[in-house]
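Welcome! Take a moment to look over the sequence and the model below, and then we will walk through a few of its features together.

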Amino acid sequence: MQSSSQNTNQKLPQRERLKSKKKIKQLFLSGKSYTSFPVQMVYQIEHNIEKNTIQVGFSVSKRNFKHAVDRNHIKRRMSEAYRLQKQNLKNSFQKHNLVLTVMFIHKGGEKSTYKIIEEKIFILLQRLEETIEKSIDTNQEVSNNKSDNP
């Protein structure tokens, strides 16, 4: 049985869910994306000293899945896969005072198994963490070079 502190870290609370139409529109206008078929991840990273949050949303095309039951089932699978793997990402964002907005989109025409979705989301989250580390390293190098030169 898990302790209560581990259970709270594993939840996906309401404040971490991406619901704002304004933020979703901004995400698709200026966000970047990675794809590991059948899952696409669109993300936007911002620097914010006051708060460091991650907001995540899940989407499945109505064109590919006509029945809401099927769309909701896939969204639940994606949500669960993200929820179980989010802690490393969350730690890295908190350490660097970053705000992340991310949307996972299921692009396939067939229902994917949980195992496939979990693997693909894991791959996408690893790519995102690598991107964060690279951008932080280059930002630190730039700021160090600026402070070295008078």
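A residue is called buried when its relative accessible area is under 20%, and exposed when that value is over 50%. Phenylalanine 104 has a relative accessibility of 0%, so this residue counts as buried. Please keep in mind throughout that this is a predicted model.

**The sheet**

Let us begin with the strands. Four of them make up an open sheet, and reading across it the order is β1-β2-β4-β3, with mixed pairing. At the edges stand β1, residues 32–36, and β3, residues 54–60; each has a single partner strand, so one side of each is left without a neighbour in the sheet. From one strand to the next, the twist averages 20°.

On its other pairing, β2 runs antiparallel to β4, and here nine bridges join the two.

| Residue | Bridge partner | Strand of the partner |
|---|---|---|
| tyrosine 34 | methionine 41 | β2 |
| lysine 32 | tyrosine 43 | β2 |
| glutamine 40 | isoleucine 105 | β4 |

**A helix across the strands**

Next, look for helix α3, which spans residues 68–95.

**Aromatic rings**

Now to the aromatic side chains. Rings are paired if their centres lie within 6.5 Å, and by this rule the model has four aromatic pairs. One of the pairs brings together phenylalanine 58 and phenylalanine 104: their ring centres are 5.8 Å apart and their planes are at 15°, so the pair is stacked. This pair links distant parts of the chain, since phenylalanine 58 sits in strand β3 and phenylalanine 104 in strand β4, 46 residues apart.

Is phenylalanine 58 buried or exposed? Its relative accessible area is 16%, so phenylalanine 58 is buried.

Which residues form an aromatic cluster? Phe58, Tyr82 and Phe104 form one together.

Definitions and conventions
Residues are numbered from 1 along each chain as its sequence is written. This is a predicted model: local features need pLDDT of at least 70, side-chain atom pairs count only at pLDDT 80 or more; totals for chains, interfaces and linings use all residues. Side-chain values use heavy atoms; hydrogens and water are left out. Two strands pair if DSSP finds at least two bridges between them. Helices (H or I, at least four residues) and strands (E, at least two) are DSSP runs, numbered from the N terminus. Axes are lines fitted to C-alpha atoms, for helices over the stretch in contact, and angles run from 0 to 180 degrees between N-to-C directions. Contact means heavy atoms within 4.5 Å. Rings of Phe, Tyr and Trp (its six-membered ring) pair if their centres lie within 6.5 Å; planes under 30 degrees apart count as stacked, over 60 as edge-to-face and the rest as tilted. Buried means under 20% relative accessible area, exposed over 50%, partly exposed in between (1.4 Å probe, protein chains only).
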